[in-house]
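The report that follows is meant for a reader who is meeting this structure for the first time.

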Amino acid sequence: LRMVTCAVRSGEGLIDSVVLSINDMTELKHLEQIRKDFVANVSHELKTPITSIAGFAEALTETKKPEEIEHFSKIISRQANRMRQLVEDLLLLSSLEQEQHKASMSWTTLEQIVGETEEACTYRFEERGSSLQITSSNPENLLLYVNENLIAQALTNLVINALNYSEAGSKVLLSATVSEEHITFSIQDHGIGIPKDVQDRIFERFYRVDAARSRSQGGTGLGLSIVKHIVQVHGGRLSLESEVGKGSTFTIMLPRMGGQLKDLQKRSEEL
Ligand code: ADP
């Protein structure tokens, strides 16, 4: 804790008033540490693929064997994709942090959001021989007022995680329900589960329970942090139930017209 005091003297040299300023240095130091950790993490995440690309590019210039040329080229391409994914995730995260209130929302349907998610995930499921089971219910065909792309992105992140942290060939369930007030999405897997003591931490940037497993599947360690921000932008709630060895269920609950209500409130405040 830092205190700054400053006496203000009047013309006759008498103390007129005292200005007292108190800064919470612990909070500042904590934020500075978070920033330092973030820069260190990003540098580390970029260094590994760059080293690999540089090494295999050099090896490529020194070999004439077709099978080696193919093998090295594949590694370079995979590592480049990993870097691209990391940069895309970082940019998305930063835009969510800076423009929290500007996320453009519009009227859309549940089918559209679920369809977009399914399209983004299908090939990954085919690759692993797993299946994505979708159930959606919107009996009154209510329209939703959300940022469709962001919600589809959040669902895709959760569904791909469910796939990545389960045995190949297993089943992932995505269920979506709309009521007058809320939209609820839940993503359930029967995978490895998440230990109780780190269930809060997994939403932090770059936190991974098993870093090697995450990286081997192309994970950037930013997926859940992005989901958390997208839910926040919509004024929703994100929850998790998980048991090691049994599986996990992530649930997102959003106000059906959250964005619109916020806009209306803002406009009435401005008037
Ligand atoms: P990553 O790119 O590592 O998957 P995320 O931010 O999406 O990054 O997730 C953070 C960590 O949380 C993962 O590395 C993994 O350890 C854990 N995790 C996320 N989803 C699941 C899940 N469905 N089952 C088990 N562990 C999970």
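Of the 271 residues in the chain of this predicted model, buried residues make up 34%. The secondary structure of the chain comes to 7 helices and 9 strands, and the chain exposes about 16,500 Å², of which carbon and sulfur atoms supply 53%. Among contacts between residues at least 6 apart in sequence, 69% join residues that are at least 24 apart.

With a relative accessible area of 23%, Leu46 is partly exposed, because a residue counts as buried only under 20% and as exposed only over 50%. When residues up to four places away in sequence are left out, Leu46 touches Met83 and Leu86. Leu46 and Leu86 are 40 residues apart along the chain, and their C-alpha atoms are separated by 8.1 Å.

Leu28 also lies in helix α1, and at 48% relative accessibility this leucine counts as partly exposed. Together with Leu31 and Ile34, Leu28 makes a nonpolar surface patch of about 260 Å².

**The second largest pocket**

Which helix gives the largest share of the lining of the second largest pocket? That share, 6 residues, comes from α1, while α1 and α5, the latter spanning residues 211-216, each supply at least two residues of the lining. The second largest pocket has a volume of about 330 Å³. Of the 14 residues that line the second largest pocket, those closest to its centre are Ile34, Asp37, Asn41, Glu204 and Arg205.

**Two loop residues with positive phi**

Asn141 has a phi near 50°, a positive value, and its place is in the loop between β4, residues 131-137, and β5, residues 144-146. Phe206 has a phi near 70°, which is likewise positive, and this residue is placed in the loop between β7, residues 182-188, and α5. Is each of these two residues buried or exposed? Asn141 counts as exposed, at 58% relative accessibility, whereas Phe206 counts as buried, at 9%.

**Salt bridges**

Side chains of opposite charge can pair when their charged atoms come close.

| Salt bridge | N to O separation |
|---|---|
| Arg256 and Glu180 | 3.6 Å |
| Glu204 and Arg201 | 3.0 Å |
| Lys246 and Glu243 | 3.5 Å |

Why does the pair of Arg256 and Glu180 tie together parts that are 76 residues apart in sequence? Arg256 forms a salt bridge with Glu180; Arg256 lies in the loop between β9, residues 247-255, and α7, residues 258-270, while Glu180 lies in the loop between β6, residues 171-178, and β7, so the pair joins parts separated by that stretch of chain. Arg256 is itself buried, with a relative accessible area of 6%.

In the pair of Glu204 and Arg201, Glu204 counts as partly exposed at 35% relative accessibility, and Arg201 also counts as partly exposed, at 38%.

In the pair of Lys246 and Glu243, Lys246 is exposed, with a relative accessible area of 57%, whereas Glu243 counts as partly exposed at 43% relative accessibility. Beyond these pairs, Glu45, Arg208 and Arg215 are linked in a network of salt bridges.

Technical notes. Residues numbered from 1 in each chain as written. Predicted model: local features only at pLDDT ≥ 70, side-chain atom pairs only at ≥ 80, totals over all residues. Heavy atoms only, no water. Buried < 20%, exposed > 50% of the residue type's maximum accessible area, 1.4 Å probe, protein only. Contact = heavy atoms within 4.5 Å. Patch = residues over 30% accessible without salt bridge, like charges linked within 9 Å, V, L, I, M, F, W, Y side chains within 5 Å. Areas by Shrake-Rupley, 256 points an atom, 1.4 Å probe, with all protein chains shown as cover. Salt bridge = Lys/Arg side-chain N within 4 Å of Asp/Glu carboxyl O. Helix = DSSP H or I, 4+ residues; strand = E, 2+ residues; numbered from the N terminus. 1 Å grid on protein atoms, 1.4 Å probe; cavity = no way out; pocket = protein on both sides within 12 Å on 5 of 7 lines; lining within 4 Å. Points joined across faces, edges and corners; volume = space filled by probe spheres on them.
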